[in-house]
Amino acid sequence: MLEVLDSPQLVHGPRAVAFENDFAAWCGGGEAISVSSCTAGLHLAYFQMGLGEGDEVIVPAQTHTATAHAVEYVGAKPVFVDAEPVTGNADLDQIEAAINDRTKAISVVHYLGMPVDMRRLNAIAAKHGLPVIEDAALAIGSTVDGIHAGLLGDLGCFSFYPVKHMTTAEGGMVLTRDAAIAERIRRQKAFGLDRTVVERAEPGVYDVTQLGFNYRMNELQAAIGIEQIKRLEGFLAARHRNYWRLETGLKEIGELDLLRSSHDGLESSHYCLSVILKGPAEGRRSEIVKALKAQGVGSSVYYPGPVPALGYYRDKYGLKAEDFPHATRISRQSIALPVGPHLDEDDMDRITQAMKRAIHDVCN
């Protein structure tokens, strides 16, 4: 970062390109385009398709609101489908049932890093001639039959927000195997200019050939990303180790259900471990979270409600939580526990014991 600050370029420089190349290579192929955030990448994904009013995109109900916001940005309509109760991912049967003449794309989220069964989803998409956009914000390290998330559909978007598997402080990446899509997004992320700074024969002279945005990643962010990739294998190994140690302890607690992680060629990135409260613990999340916090154990929720039940979408489309029962149960009854590389197996045992005490104290 000091080298960047000493250089003549804070944007449009070589580090963003180097980071893109490193990221694509780490994922196993494709073309990577650095952007200012994963949300910006999702917006560009739909914008480059030319979507607009009257078009529909199928979107999981169980996700961060950014997944749906990106569809709204281009004037299209998100059509929500419920989650599978076992993984939290979108129900593939409901995705196929939701397809109609207005459907222009399918958006999938690899929920908490557990990859969607893209083998079946791609067969559905191919049958109907639809592109697949992967929201891979939590899926760095997720694979299906050895193929990395983001390369499984037509286009994937990643997040480097500070709590993700790796960070650039803020920022994102778009990944695609399609060179034409990559070129459109490279231009559209930078105002739609026909020439980058390094491509201009005469400084300051360019044309604007399409509508575009200011969604670039700067050189400081890219410098962090280059170093983070060097440590990524270690980060993921620690998450994997911690996840399975924590799962081993928590699965013995009768008041908890655990979402399924890796199975049948689907390998999770182990972003966190989310437990679902049941029996006497159901409906008592706030008390249990408070009891965990009193023992020094932090937690979170993914997410506060199904997106269609959040105020903006509820009011605009007349939707309600009861329309999405599995997503609603996960949202209302889940507690997400940390497995990041700043922790070790002793911490996982501590979390397990804290959860046992919290449930005992709250439910007895």
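This is a predicted model: local features need pLDDT of at least 70, side-chain atom pairs count only at pLDDT 80 or more; totals for chains, interfaces and linings use all residues.
**View 1. The largest nonpolar core has 45 residues.** Start with Tyr46, Phe80, Leu112, Leu155 and Tyr302, the members that touch the most other members of this core. Several elements give two or more residues each, among them strand S1 (31-35), helix H3 (38-47), helix H4 (65-73) and strand S8 (155-159). H3 provides the largest share, six residues. In soluble globular proteins, nonpolar side chains tend to be buried together.

**View 2. Tyr302 and the residues it touches.** Leaving out residues up to four places away in sequence, Tyr302 touches Gln62, Tyr111, Leu112, Tyr271, Cys272, Ile330, Ser334 and Ala336. Elsewhere, look for a second, separate core of 25 residues, which includes Leu277, Ile288, Met348 and Ala354.

**View 3. Ser269 sits in a loop between two strands.** The strands on either side of this loop are S11 (266-267) and S12 (273-277). Is Ser269 buried or exposed? Its relative accessible area is 2%, and buried means under 20%, so Ser269 is buried. The side chain of Ser269 reaches the backbone oxygen of Leu138 at 2.7 Å. Beyond its neighbours within four places in sequence, Ser269 is also in contact with residues including Leu112, Gly113, His165, Leu236 and Arg239.

**View 4. The largest pocket has a volume of about 520 Å³.** Its lining is made of 24 residues, and those closest to the pocket centre are His12, Val17, Arg186, Lys189 and Thr196. Helix H2 (14-27), S1 and H7 each give two or more residues to this lining, with the largest share, five residues, coming from H2. Sorted by type, the lining residues are 10 nonpolar, five polar and nine charged.

How values were computed
Residues are numbered from 1 along each chain as its sequence is written. Side-chain values use heavy atoms; hydrogens and water are left out. A nonpolar core is a set of buried Ala, Val, Leu, Ile, Met, Phe, Trp, Tyr and Cys residues joined through side-chain atoms within 4.5 Å. Buried means under 20% relative accessible area, exposed over 50%, partly exposed in between (1.4 Å probe, protein chains only). Helices (H or I, at least four residues) and strands (E, at least two) are DSSP runs, numbered from the N terminus. Contact means heavy atoms within 4.5 Å. A polar contact is a pair of N or O atoms within 3.5 Å; within protein, one must be able to donate a hydrogen and the other to accept it, and residues adjacent in sequence count only if both atoms are side-chain atoms. On a 1 Å grid over the protein atoms alone, a cavity is a set of points where a 1.4 Å probe fits but cannot get out, and a pocket is an open set with protein on both sides within 12 Å along at least five of seven lines; lining residues have an atom within 4 Å of a point. Grid points are joined across faces, edges and corners, and a volume is the space filled by probe spheres set on the points. Ala, Val, Leu, Ile, Met, Phe, Trp, Tyr, Cys and Pro count as nonpolar, Asp, Glu, Lys and Arg as charged, and the others, Gly among them, as polar.
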